[in-house]
Amino acid sequence: MKLEFTEEEQAFAEEIRAFVTENLPADIAAKVSRNEVLTRDDHMRWQQILGARGWHTYGWPVEHGGPGWSLTKRYLFETICGEMDCPLIQPFGPRMAGPVIYTFGTEEQKARYLPGIRNSTDWWCQGYSEPQSGSDLASLSTRAVDAGDHYLVTGQKIWTSYAHYANLMFCLVRTSKEDRPQKGITFLLIEMDSPGIRIDPIIGMDGRHSFNSVFFDDVKVPKANRIGEEGQGWTYAKFLLEHERVDNAALGVTKRALQKLREMASAEIDGQPPLIDDPLFHARLVKIEAQFASMEMMALRLLANAEAGASPGAASSLLKIRGTEIAQKITELALDAAGQHASALPGQIEDALRNSEPDQSPRAMTTYLWKRAMSIYGGSNEIQRNIVAKRILGM
Ligand SMILES: Cc1cc2nc3c(=O)[nH]c(=O)nc-3n(C[C@H](O)[C@H](O)[C@H](O)COP(=O)(O)OP(=O)(O)OC[C@H]3O[C@@H](n4cnc5c(N)ncnc54)[C@H](O)[C@@H]3O)c2cc1C
């Protein structure tokens, strides 16, 4: 098992660091560092810079216009970008829609959609969840009725991240109610400006607008926009979920959050001694740093196994559970470290920033609230525990 990077990999890591230092716009890095909410333009600017270098689709093989990097290079790219305050690359195009289209799509679909993902000129959203279908996704009921050369889609999706930014959606619909629920699902690509689509915002408890409800009322979707066979959508949907591999970007972001927590706890706030001088707080901080170090080691071990051809399997569930627990714990400690400034609620942040150092303290509460979502999306932590129980513990 290999746990250190080769000279070539270390040189590659330096290349990434140099590229980010030269190309990441300072205003965007500052926003990420302060945990500010990014605009669509902030995301697109950075993703298009990566796209021009061929790195927006850094996980893609060369034949589809990606760089063809090894798993280790992808890991290095993801963690370094996280550590250097790069915005997270939105996964919906490059990590979700793209691999489904180049694996199962027609030549016309590849020609139409892949360039917009590579260059980040399109923004995709994911139409999976419905009000009654989240963890139990196969029960979804948005229906697509056959109308000759097109379908008529009617129903509702929910929690659709950034649907209000998106011009395209990949969407699961029901084309048949016969047989097992998984069998009647079809995978469609939908233009978001199609007549009959309505997007309603859902404001999160942190005050930000990232979620939406998307309503479909007899929306005409050409059959040419169907991926693969009618009724086989579950196969493509599962492929997509399995390819949402271990989220290494979160490791880099968490490492940076730990550094920021240490800095915040080491500073005097309102003339009071730094919280890090308190042995109880210090012990909590060191414990979480140790937990992070052991999780990083586990990620590297999985990576080494994967490079040797093993599938990460259920171990990636362990990483997801541990990673989200640690990231959430950091935001709890940050609330303590921020002192009274942590009481700034959504809507009061700008005032709080005017009255304190322009650091991340006034955003500690909104960051804490936002990070609660980590244990829900990408398969909730309870669902991950079920996987561990079944596949690792044999229960
Ligand atoms: C930040 C964020 C972004 C999201 N973006 C998108 C998006 O862009 N597109 C999209 O389609 N969806 C999106 N989602 C939705 C997400 O996929 C669902 O929230 C998730 O699948 C859980 O479904 P649910 O909310 O319906 O909860 P439910 O499935 O109803 O679960 C409720 C609770 O019960 C638990 N539970 C459910 N089943 C079991 C079980 N079998 N065993 C043990 N416990 C169980 C869950 O863990 C949870 O705690 C997003 C969610 C979040 C938080």
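Of the 395 residues in this chain, 37% count as buried. A residue is called buried if 20 or more other C-beta atoms lie within 10 Å of its own, exposed if 12 or fewer do, and partly exposed in between, with C-beta atoms placed from the backbone. The model is predicted, so local features need pLDDT of at least 70 and side-chain atom pairs count only at pLDDT 80 or more, while totals for chains, interfaces and linings use all residues. Residues are numbered from 1 along each chain as its sequence is written.

Let's look at the overall build. The chain holds 13 helices and eight strands; these are DSSP runs numbered from the N terminus, with helices (H or I) of at least four residues and strands (E) of at least two. The C-alpha trace spans about 70 × 50 × 50 Å along its principal axes. A compact globule of 395 residues would have a radius of gyration near 21 Å, and the 22 Å of the chain agrees with that. This radius is taken over C-alpha atoms, and the globule rule is 2.2 Å times the number of residues to the power 0.38.

Next come the domains, whose bounds come from an automatic or database domain assignment. The assignment gives domain 1 (7-91), domain 2 (124-232) and domain 3 (244-392). The centres of domain 1 and domain 3, taken over C-alpha atoms, are 21 Å apart. Between these two domains, 15 residues of domain 1 are in contact with 14 residues of domain 3, where contact puts the C-beta atoms, placed from the backbone, within 7 Å.

Now for the inside. A nonpolar core is a set of buried Ala, Val, Leu, Ile, Met, Phe, Trp, Tyr and Cys residues joined through C-beta atoms within 7 Å. The largest one has 43 residues, and Leu 261, Ile 330, Leu 333, Ala 334 and Ala 337 have the most contacts inside it. Helix 10 gives the most to this core, with eight residues. Domain 1 and domain 3 each supply at least three residues of this core. A second, separate core of 39 residues includes Trp 123, Tyr 128, Ala 166 and Met 169.

Helix 12 (residues 364-371) is mostly covered, with six of its eight residues buried. Among these buried residues are Met 365 and Trp 370.

What surrounds the ligand? Of the 16 residues around the ligand, Tyr 128, Gly 134, Ser 135, Ser 380 and Glu 382 come nearest; a residue is near a molecule if its C-beta atom, placed from the backbone, lies within 6 Å of it. Strand 1 (124-127) and helix 13 (381-392) are the elements that give two or more residues to this shell. Helix 13 gives the most, with three residues.

Finally, two backbone angles deserve a look. Most residues other than glycine have a negative phi.

| Residue | Phi | Loop | Other C-beta atoms within 10 Å |
|---|---|---|---|
| Asp 85 | about 65° | between helix 4 (71-83) and helix 5 (92-104) | 20 |

Is Asp 85 buried or exposed? Asp 85 is buried, because 20 other C-beta atoms lie within 10 Å.
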